[in-house]
Amino acid sequence: MTLYGKGLRALTLASIVTITVALVLVFFYAPLDADQGFVQKIFYLHVPLAIISLCGFVLGGLLAIGHLRTGDRIWDMRSYVAIHMALIFGIAGLISGSIWAKASWGHWWVWNEPTLVSFLIVLLLFATYQPLRFSIEDPERQARYASVFAITAGAFVPLNFIAVRLAQQFVHPRVLTLGGGNLPGSMRLTFFVSLIGIALLYATLWKYEMTAKNARMQTRRLRRRLMGEDAVRPLGRSAAPS
Amino acid sequence: MRTALAVLRKDLRLELRTFETVPAMALFSLTTFVIFHFGLNRASIEGQLAAGVLTVTLLFAAMLGAGRLFVAEREQGGFDAFLLAPVDRNAMLVAKAAAMFIFLAVLELVAVPAFALLLLRPALWPRLLGLMAVLALADLGLAVIGTLVSAIAIHTRARDLIGPIVGLPLLIPALIATARAAGPVLQAHTSGSPPGKWVAILALYDCVFGLVAYAVFDFLLEE
Amino acid sequence: MITLATSPALAPGKAAPYVIAAYVVFLAIVLIYVAIMAKRLRSNERDLADLKREVEQRRSVEEEQRDRETVG
């Protein structure tokens, strides 16, 4: 039985340290943006969240490939947790992006920010993942179809990003360009530390949820063996793999 | 290959006998054009707006039609029969996608002239070739995604809902590329050739999802 | 940075609420998630306690039976 809790403490510690350092850098080290002022600080939160969320969705697709190739349902659970976590980070990214847009341009939503727009589309797609799982009763089929969806949607993410990017022809302060020539060195450092911090947080929460789910699954199995099939309460409204 | 042709022939024959899918899609498109006329409050449109209206209408008509693709298989045990036969399972993907493509092509034979008649301001004839090229690529993407999503949805409880809500976001890049490619085509006073950039993106979309669908379809058919 | 001046810079005073709101929302989402997980872990612990009790019961019943057999 794989123990997902192993290494969780080290990972958590690493996350806390990195995020704290990132916050210090954001508020005390990174220079004030000449154009957007203090508001630009949201950039260090919003962009890493968006990037890690998109990576999480692609990771979900990759883990789903593992499921379809091995047939072992644990991969499906890994894929489910990856997508679930990416969805949470994505919503946080969308909200922070919206707040940034309001503070920056005075509107709660802007169409001329391609990252934000393609992000909305990706979230709309992955929001159907759980309803899809929930509407298939047979657990084996549910896992298989969810994996097919995860792979298709994972392939969709980069393609969607490219298409939306090209569709937005507006000249506009592309503060959301990564690295490149736009960011001065100190900002770039702060950005990368923030990125690593959010990535570590994602990994920590992924492991955390895997540990909890694994523990629950093993407990149910134990209960089933000890007290028979009827003693195990059905999970009810759960789209998650059990 | 032969299996795919056999399944395709069966589907086409079924459609010719029952006229279930394509006339409904055509009627839906015509009604949608009328709705757009009132919704936009315009007598005629051109350029990007026209491209948008046409693309969106085709998109929704395709979602409607795709929902019917696997119903016969599901209700009459066609899946089991297919699985028992010693054939390449991807033949069903090819056959269904081809059927969907043909349905869309027939639909456009009706819908595009109707669109030109009802809403389009510039003359259609000089622009037809450019528009057809764009629509052909678009139909390919719609067929692939429609088949994939329909195959996923057919085994779920809320199959009429799951199909569109999963399919529409997946089709957004195709929609973007189609609308942006068709925009300059439908513009008055232009040569009527679609911009290469967007045609390339549409082709890329078709390739990527064609390959993805081909890779995963097998897993949808297992019992 | 070469930009079009479409976004007037808000003075730190007025901008602070937005920035703080963004970071707080993020923190809130993470904490809400942790709280939900904590609830699940608690119910799992309860399950395990049940199972442990069950195993002890069975073991004590077995021992009783064995004692009775050796005595009898």
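This note goes through a predicted model point by point, from its chains and their contacts to its salt bridges.

1. **How the chains meet.** Two pairs of chains are in contact, and chains A and C share the most contacts of the two. Chain B and chain C do not touch. Their nearest C-alpha atoms lie 25 Å apart. Chain A does meet chain B, with 28 residues of chain A in contact with 30 residues of chain B.

2. **Chain A as a fold.** Chain A has seven helices and zero strands. Read along the sequence, its pattern is α-α-α-α-α-α-α. The chain has 242 residues, and buried ones make up 58% of them. Take the contacts in chain A between residues at least 6 apart in sequence: 78% of these join residues at least 24 apart.

3. **Chain C as a contrast in make-up.** Chain C has one helix and zero strands. Of its 72 residues, 19% count as buried. It exposes about 5400 Å², and carbon and sulfur atoms supply 61% of that.

4. **Area buried between A and B.** Chain A and chain B bury about 2800 Å² between them. Carbon and sulfur atoms account for 73% of this area. On the chain A side, the residues that lose the most area to chain B are A:Tyr145, A:Thr152 and A:Leu159. Together these three make up 21% of what that side buries.

5. **Polar links across A and B.** How many salt bridges run between chain A and chain B? The count is one. Residue pairs in polar contact between these chains number six, counting pairs with both residues at pLDDT 80 or more.

6. **Which parts of chain A face chain B.** Helix H4 (114-126), helix H5 (129-134) and helix H6 (139-167) of chain A each supply at least two residues of the side that touches chain B. H6(A) gives the most, with 16 residues. By class, that side of chain A has 19 nonpolar, five polar and four charged residues.

7. **The salt bridge between A and B.** The side chains of A:Glu137 and B:Arg157 form it, with the closest N and O atoms 2.4 Å apart. Why does the pair join two chains? B:Arg157 lies in the loop between helix H7 (128-153) and helix H8 (159-185) of chain B, while A:Glu137 lies in the loop between H5 and H6 of chain A, so the bridge runs from one chain to the other. B:Arg157 is partly exposed, at a relative accessible area of 49%. A:Glu137 counts as exposed, at 57% relative accessibility.

8. Over all chains, the structure holds 15 salt bridges. One of them joins the side chains of B:Lys96 and B:Glu73, at 3.0 Å from N to O. B:Lys96 lies in helix H6 (residues 90-118) of chain B and B:Glu73 in helix H4 (residues 71-75) of chain B, so the pair ties together parts that are 23 residues apart in sequence. Are the two residues buried or exposed? Both B:Lys96 and B:Glu73 are buried.

9. **Around B:Glu73.** B:Glu73 has 4% relative accessibility, and it counts as buried because the cut-off is under 20%. Leaving aside neighbours within four places in sequence, B:Glu73 is in contact with B:Lys10, B:Gly78, B:Phe79, B:Met92 and B:Lys96. Salt bridges link B:Glu73 into a network with B:Lys10, B:Asp11 and B:Lys96.

10. **A pair within one helix of chain C.** C:Glu54 forms a salt bridge with C:Arg58, and the closest N and O atoms are 3.1 Å apart. Both residues sit in helix H1 (residues 12-71) of chain C. They are four residues apart there, so about one helical turn separates them. C:Arg58 is partly exposed, with a relative accessible area of 35%.

Technical notes: Residues numbered from 1 in each chain as written. Chains lettered and ligands numbered in written order. Predicted model: local features only at pLDDT ≥ 70, side-chain atom pairs only at ≥ 80, totals over all residues. Heavy atoms only, no water. Contact = heavy atoms within 4.5 Å. Buried area = accessible area lost by both parts, 1.4 Å probe. Salt bridge = Lys/Arg side-chain N within 4 Å of Asp/Glu carboxyl O. Polar contact = N/O pair within 3.5 Å; in protein donor to acceptor, adjacent residues only side chain to side chain. Nonpolar A, V, L, I, M, F, W, Y, C, P; charged D, E, K, R; others polar. Buried < 20%, exposed > 50% of the residue type's maximum accessible area, 1.4 Å probe, protein only. Areas by Shrake-Rupley, 256 points an atom, 1.4 Å probe, with all protein chains shown as cover.
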